[in-house]
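Have a look at the model first.

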Amino acid sequence: MTGQVTLHGVTKAFGSLVAVDGIDVDFAPGVTGLLGPNGAGKTTLMRMVATVVAADGGHMDVLGHDPSTGSGRLEIRRQLGYLPQEPGFHRNFSAFDFVDYISILKEWGDRNARHDEVRRVLSLVGLEAVMHKNIGRLSGGMRRRVAIAQALLGSPRLLVLDEPTAGLDPEQRLLFRELLGTAGHDAIVLLSTHQTDDVAALCNRVVVLLAGRVRFVGSPGDLAQRADGRVWTAATRDARAEVAWVIGDGSVRHIGTPPAGAQLVVPTVEDGYLLLARDADVSVVGQS
Ligand SMILES: Nc1ncnc2c1ncn2[C@@H]1O[C@H](COP(=O)(O)OP(=O)(O)OP(=O)(O)O)[C@@H](O)[C@H]1O
Ligand SMILES: [Mg+2]
């Protein structure tokens, strides 16, 4: 379908290591968050959707195009904004020149319209005051925002953002949430993160990847719900808990099977995710 991204049995291996293991999933307009531990296959999956690497097996349809063909990749790239996990910069470029350079690669011809667009995306990420500074002189979080800005050029129909909020300060994360809330009205936004509060605040859908496989698809609320009745606090650590950690007030938050009379608390997306990730016998759950 033209308005969707669909993956059927998609696989990618690096030598004997299977990074993405027969994934079936689709992404519709809205914001989908990809959660999973380090090495789960999030970046590999996003790189395949963004036509950076080819799948080894399975079938993909991205906005009605086949990324395994040259013409399909070209059509997808024309409608794509992509933020790599580790973007490379020309450090001697200013933020403006860098984003302008990307906009030229994206076939923006008319100079005035192009420069207006470059200024628009840089102001969306709050960088207008420093856009003529060399990228090498910007802070890490500011560089991240330059990279986000280039992904937003031309308001693409498909936005693939690999850890966009890593390194952003709280104010910028809020700004980013607002920005994506707007983009997610029309575009298909796929983002990865390790911050479950971003998922709760930003995403209408969450996909959990564990060891290259989809282990959960549903709303952030559904993921939190999975830990309902399984999260409790107590003054001391209970050895029977699957996960336990000390929280701000000095009490201990536990996830697992609570003892009788435990002080149950309302679970968060993080609780649901931790429980899912800890569950060794986990099977595919949830519905889109
Ligand atoms: N180019 C590569 N060559 C060899 N192995 C790779 C390559 N890229 C990824 N891998 C391996 O594939 C697996 C999945 O990696 P990937 O980067 O997709 O994980 P991730 O979920 O994005 O992790 P993180 O949260 O750390 O970013 C890992 O075991 C990784 O070592
Ligand atoms: Mg990654």
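## Polar contacts to ligand 1

A backbone N or O atom of alanine 40 sits 3.1 Å from an oxygen atom of ligand 1. For glycine 41, a polar backbone atom is 2.9 Å from a ligand oxygen, and for lysine 42 an N or O atom in the side chain gets to 2.7 Å from one. A polar contact here is a pair of N or O atoms within 3.5 Å.

On its own, ligand 1 exposes 640 Å², and the protein buries 62% of that (Shrake-Rupley areas, 1.4 Å probe).

This is a predicted model: local features need pLDDT of at least 70, side-chain atom pairs count only at pLDDT 80 or more, and totals for chains, interfaces and linings use all residues. Residues are numbered from 1 along each chain as its sequence is written, chains are lettered from A and ligands numbered from 1 in the order written, and side-chain values use heavy atoms, leaving out hydrogens and water.

## The magnesium site

Thr43 (OG1) and Gln85 (OE1) coordinate the magnesium ion, ligand 2, at 2.0 to 2.2 Å. Donors are N, O and S atoms within 2.8 Å of the metal (3.2 Å for Na, K and Ca); water is not among the atoms, so sites may look incomplete.

Methods
A polar contact is a pair of N or O atoms within 3.5 Å; within protein, one must be able to donate a hydrogen and the other to accept it, and residues adjacent in sequence count only if both atoms are side-chain atoms.
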